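Hi,

Here is the structure I promised to pass on.

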Amino acid sequence: MPSKPGHFQAGFIQAYHPDDAAIRAELTASLQAAQAHVSPKYLYNPLGSKLFEAICELPEYYPTRTEAAIFKAHLAEIAASTGRDITLIDLGAGNCAKAASLFGALQPSQYVPVDISVEFLRDAVGLLRQRYPEIVMTGVGLDFSRSLALPDVISSERRLFFYPGSSIGNFTPEEALGFLRRLRETCSGGGLLIGVDLLKEKHLLDAAYDDALGVTAAFNLNLLQHLNNLLGADFNVREWRHRGFFHAGQSRIEMHLEARCNLNVAWQGGKRHFAEGERIHTENSYKYTREGFLALLEQAGFSHARVWTDARDWFMVCHARAL
């Protein structure tokens with residue numbers, strides 16, 4: 001399909017410029033909090049992004065294949081709902097594979113993959129551009145959890161934000177509402193196509209985040225290596241273990257790193273003693289009911305929601321309009 005005149009053809013814009021001092025201050029405050037924690041965005045350095053790709057192939061990790069099956073079974077209906085010739089903005093694009101599987105049906109006039117893992121995204125966009133030279137592609141390195149301000153070269157018309165994989169669950173419900181409201185403000189006249197993991201039996205959820213091969217454990221433990229690089233810290237990965245489990249009271253998966261023994265960690269500008277069994281909270285993944293998430297969308301200002309699920313009601317894909 002031809003490119004629209006006036007659009008910036010096939011580029012990459014790094015809108016995310018890490019402020020090393022700010023990152024160190026943020027991480028120091030998080031690690032020295034009463035309950036030590038680290039934002040899950042720091043899981044996705046280049047190695048972390050590759051490990052997450054591997055997680056998506058695991059038999060226990062149902063979200064990726066279940067979501068893919070929903071798209072395969074209902075793609076024509078989804079395309080009829082979203083419309084074609086859109087500006088497809090892929091949040092947390094990773095390797096861009098999920099969005100690429102929709103190109104034939106959605107026929108985007110412009111594809112905008114967005115991710116904080118800049119090097120990983122740049123490589124993925126370069127490969128994808130070779131396969132789809134007819135689509136205008138502008139990769140954007142951006143921390144969209146902080147800002148949704150897209151560069152001016154991104155069309156403001158017929159925007160469809162694509163947020164698959166249940167990543168909305170990484171936000172608390174209050175944070176998710178604020179995020180969805182910001183999306184609503186920047187895609188007036190467009191919409192949102194989102195994947196949402198639904199509430200289900202605890203044993204299924206526990207296994208998905210603590211797999212038998214230990215790939216999720218490696219993904220979580222790699223965060224410590226990333227902290228060593230960012231902070232000049234001296235975390236010893238062998239002194240920590242992965243914990244991933246469903247917290248029924250909060251309706252969320254929690255991921256933690258747990259100290260195997262009493263230990264001290266130091267870094268530039270800070271230090272902390274961790275007692276044996278003490279944890280660093282690294283990620284949440286909230287699980288929703290269908291009715292609960294649709295209510296959240298309505299609160300955020302979206303309307304005309306359409307929903308597609310798998311036969312077991314494990315996962316839902318939803319398109320909603322921002323009128």
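In which strand is Ser285 found? Ser285 belongs to strand 11, residues 279–286 (helices, H or I of at least four residues, and strands, E of at least two, are DSSP runs numbered from the N terminus).

Before the rest, some ground rules: this is a predicted model, where local features need pLDDT of at least 70, side-chain atom pairs count only at pLDDT 80 or more, and totals for chains, interfaces and linings use all residues. Residues are numbered from 1 along each chain as its sequence is written, and side-chain values use heavy atoms, with hydrogens and water left out.

Back to Ser285: it is buried, at 3% relative accessible area (buried is under 20%, exposed over 50%, partly exposed in between, with a 1.4 Å probe and protein chains only). Its side chain makes a polar contact with the side chain of Tyr209 at 3.2 Å (a pair of N or O atoms within 3.5 Å; within protein, one must be able to donate a hydrogen and the other to accept it, and residues adjacent in sequence count only if both atoms are side-chain atoms).

Now the sheet around strand 11. It is an open one of three strands, ordered 7-8-11 with antiparallel pairing (a pair needs at least two DSSP bridges). Strands 7 and 11 stand at the edges with a single partner strand each, so one side of each has no neighbour in the sheet. Seven bridges join strand 8 to strand 11, and Met255 stands opposite Glu283 of strand 11. Helix 9 packs on this sheet, touching strands 7, 8 and 11 (contact means heavy atoms within 4.5 Å).

Then the cores. The largest nonpolar core has 41 residues, and among those with the most contacts inside it are Leu227, Phe235 and Trp240 (such a core is a set of buried Ala, Val, Leu, Ile, Met, Phe, Trp, Tyr and Cys residues joined through side-chain atoms within 4.5 Å). Helix 9 gives the largest share of this core, seven residues. A second, separate core of 36 residues includes Phe179 and Phe293.

Cys96, in the loop between strand 2 and helix 4, has a positive phi near 70 degrees and is buried at 1% relative accessibility. Arg158, in the loop between strand 4 and strand 5, has a positive phi near 50 degrees, but is partly exposed at 40%. Most residues other than glycine have a negative phi.

Cheers

How values were computed
Axes fitted to C-alpha atoms, helices over the stretch in contact; angles between N-to-C directions.
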